[in-house]
Amino acid sequence: MDNRFLTWTALTFIIIGAINWGLVGFFQFDLVAAIFGGMSSWVSRVIYALVGLSGLYAISFFARFDNDRTTSEIR
C-alpha cells in the first residue's frame, strides 16, 4: 500500500474526529452518531475505531517531522 494513501486517509479521519469532538465540546452534538444511528451502531463504532487508529498512526508524523527538520539543518 502506498504510504501517501495511508497518510492522507489517516489525516482525513483525524479531521473528521476533530470536527466531531469540536461539535461535542461546543454543542454536545455527536455528528457521527447522528448520521449513523447512535454511538452503539456498528458503523459509528467502526468510524470511531478508524479515527483512533489514525490518531495512533499520526504519532509517527512527529518522527518524520523531526527527521525532515534534522535533514534540512544539515544541508
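1. Leaving aside its neighbours within four places in sequence, S54 touches A10, F13 and I14. The model is a predicted one. S54 sits in helix α3. Its relative accessible area is 8%. That is under 20%, so S54 counts as buried.

2. Now the overall fold. Along the sequence the pattern reads α-α-α. Helix α3 covers residues 42-74.

3. Next, the contacts across the chain. Take those with a separation of 6 or more: 44% of them join residues 24 or more positions apart.

4. How much of the chain is buried? Buried residues make up 16% of the 75 residues in the protein chain. S54 is buried. The accessible surface of the protein chain comes to about 6000 Å². Carbon and sulfur atoms hold 71% of that surface.

5. W42, V46, L50, L53, L56, I59 and F62 make a nonpolar surface patch. The area of this patch is about 790 Å². One of its members, L50, lies in helix α3. L50 has 32% relative accessibility, so it counts as partly exposed. The patch takes residues with over 30% relative accessible area, and L50 stands at 32%.

6. Aromatic pairs come next. A pair of aromatic rings is described by the distance of the centres and the angle of the planes. Ring centres must lie within 6.5 Å to pair, and the count comes to two aromatic pairs. One joins F26 and F27: the ring centres are 6.3 Å apart and the planes meet at 55 degrees, so this pair is tilted. Edge-to-face would need over 60 degrees.

7. Are F26 and F27 buried or exposed? F26 has 70% relative accessibility and counts as exposed. F27 has 61% and also counts as exposed. The cut-off for exposed is over 50%.

8. The other pair is Y57 with F61. Here the centres are 5.6 Å apart and the planes stand at 85 degrees, so the pair is edge-to-face. Both residues lie in helix α3. They are four residues apart, about one turn of the helix.

Terms used. Residues are numbered from 1 along each chain as its sequence is written. This is a predicted model: local features need pLDDT of at least 70, side-chain atom pairs count only at pLDDT 80 or more; totals for chains, interfaces and linings use all residues. Side-chain values use heavy atoms; hydrogens and water are left out. Patches are made of residues with over 30% relative accessible area and no salt bridge: like charges are joined within 9 Å, nonpolar side chains (Val, Leu, Ile, Met, Phe, Trp, Tyr) within 5 Å. Accessible areas come from the Shrake-Rupley method with a 1.4 Å probe; for residues, only the protein chains shown count as cover. A salt bridge is a side-chain nitrogen of Lys or Arg within 4 Å of a carboxyl oxygen of Asp or Glu. Helices (H or I, at least four residues) and strands (E, at least two) are DSSP runs, numbered from the N terminus. Buried means under 20% relative accessible area, exposed over 50%, partly exposed in between (1.4 Å probe, protein chains only). Rings of Phe, Tyr and Trp (its six-membered ring) pair if their centres lie within 6.5 Å; planes under 30 degrees apart count as stacked, over 60 as edge-to-face and the rest as tilted. Contact means heavy atoms within 4.5 Å.
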